[in-house]
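Hi everyone, thanks for coming.

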Amino acid sequence: MTAAPTPMMAQYLALKAESQDCLLFYRMGDFFELFFDDAKVASNVLDIALTSRGEHGGDKIPMCGVPAHSAEGYLARLIKAGHRVAIADQIETPEEAKKRGGSKALVARAIIRVVTAGTLTEEALLDSRSANWCAAIGEAGGAVAIAAADISTGRFELLECSAEAVGAVLAQLNPAEIVVAEGSDAALLATTTRPRGEFDSSRGEARIKALFGVATLEGFGRFGRAALAAAGGLIAYLDHTAKGALPFLRPPRITRSDACMAIDAATRESLELTQSQSGTRKGSLLDAVDRTVTGAGARLLGQDLAAPLMDVAAIEARLDLVQRFHDDPGLRDDVRATLRSLPDIGRALGRLAAARGSPRDLGQLRDGLDGAWRLGEKLGRLADAPALLAELAPQLRGHGALIDLLQRALIPAPPIDAAHGGYIAEGYDAALDDLRDAGAGGRHASADAGRGGPVQRARIARNCAQGDPGRGTCAGGRGGASGGSDRRRAGDARGDCRDRRCARPARRGGGAGRARGGGRLDATRAGGSRLFRGRGRAAPGGGDGADAERRTLRRE
């Protein structure tokens, strides 16, 4: 008779059934583990060892794993190979599990995200110079529309077109992922199919209203039923992959297919507009003309080349702007230098809105908004500015309160990892400053206690009596002789010994110790941030309970 699966394996099988066709990353301690066929696929793609531990149905369980701290690199390789990955992480700590179900309780896990080619936000998984579109095709009443979103920057486009032009529009976007309804005529173009009910136009309208908190869509433009169906299907898919935590999206912008030149996929391949015939950027027209200094600029240039304008007035406005910078090399170099120093705030904001950001992303948002404001002021003062520049310059200014808040709250160069703390500026929060001071004082008190044994006390008394600065006591003290930063031990201007274990008067060296060593502020700067970082939240998945599960499986 086949033995029942262990509680851990039963949990894994339930999560695997939920993840459907995705590879399942199952968090165990410091690793993401894969089992059964998922392990065989991953070990082949990632070139990692395939092992077998435990049994299920009388057979050994194939297994492989990747370290959680470096999972992004492995995810990138799996996504590039065409796979989708569901992340099953621990949603409670081992201590919470024990409190809930006793010492043998299994830590609860859930799928927190589905990673797909079109839903990436991580900097390491994206090409900074290319957009990453996820597109959905909607159909209603014989009309067709395409909804496309780049969730790394929040761009949300709706393109209405004829059925015959769908291929050309998709070739223009070059999306990483295409989602269509089950049974759709466009199923051959799809990388993913979803239930037809998600592409209902009335549900689509309701989803857009709920997403942006509006009672009517009139402020966004006029949407046909096909556009609503496409938008609804795309939002539903993004909600599915994010497991209810929808990423940041800007209000949808609707575009008619006749606004840009329609170029089918075969013609694009021959012209090599954004990709050469080998499928790479190198050798294309975009590669030849791209002199942009920012990732955002490169993405915009690629989109403009892929969608040549048909409106003569819009073309002339662009040419006037290009002519202005062509005729003024000094202005051009100045603007390029400013742009080169700006971070990619579009993608930083996308990560923050998707709850995948870091303190460094907040710093990039601060620096990018501040730099854009200054650039907007500079461009706004130009005489005889072209119409397009006069329209764009005011859009660079704004968010002054947010810039001020981030400048006061963050240190100049915030770290990537929030778990270790240390990124809040000193003076921003009084309670946090007090905590840092208390922590620094506690460490110093512990150090003093460690020097308080009978042998050390005798040595202190002898050195104090001798007044030996080289020994680091009250004749210069640890502060006076070496310039230490502890105000309690350093001598003050009157020469009193600041060591609690010695009441003898000090010699002249004491005052210099405090002057050179600094006081409370230096101690806080030197030691406070380390304490704050140490108080950060532990990385998810850690803990004795999770590690014990992993060891148990290894023994099986």
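Let's begin with the cysteines: how many disulfides does the count come to? Keep in mind that this is a predicted model. With a disulfide taken as a pair of cysteine sulfur atoms within 2.5 Å, the count comes to zero. As for where to find cysteines, have a look at Cys22, which is buried at a relative accessible area of 2%. Cys64 is buried too, and its relative accessible area is 2%.

Now to the strands. Please find β4, residues 59-67. Strand β2, residues 31-35, pairs with β4 in the antiparallel sense, over five bridges. Strand β3, residues 51-56, also pairs with β4 in the antiparallel sense, here over four bridges.

Which residue in β4 is the bridge partner of Phe35? That is Met63. And if you look at Thr51, you will see that Met63 in β4 stands opposite Thr51 as well. So much for the pairing; next, the turn. The hairpin of β3 and β4 has two residues between the strands, and Gly57 in that hairpin takes a positive phi near 65 degrees.

My last stop is Arg77, in helix α3, which covers residues 71-80. Is Arg77 buried, exposed or partly exposed? Arg77 is partly exposed, because its relative accessible area is 40%, between the 20% and 50% cut-offs. Setting aside neighbours within four places in sequence, Arg77 is in contact with Val45, Leu46 and Asp47. Leu46 is 31 residues away from Arg77 along the chain, yet their C-alpha atoms are separated by 7.0 Å.

That's my tour, and I'm happy to take questions.

Conventions: Residues are numbered from 1 along each chain as its sequence is written. This is a predicted model: local features need pLDDT of at least 70, side-chain atom pairs count only at pLDDT 80 or more; totals for chains, interfaces and linings use all residues. Side-chain values use heavy atoms; hydrogens and water are left out. Buried means under 20% relative accessible area, exposed over 50%, partly exposed in between (1.4 Å probe, protein chains only). Two strands pair if DSSP finds at least two bridges between them. Contact means heavy atoms within 4.5 Å.
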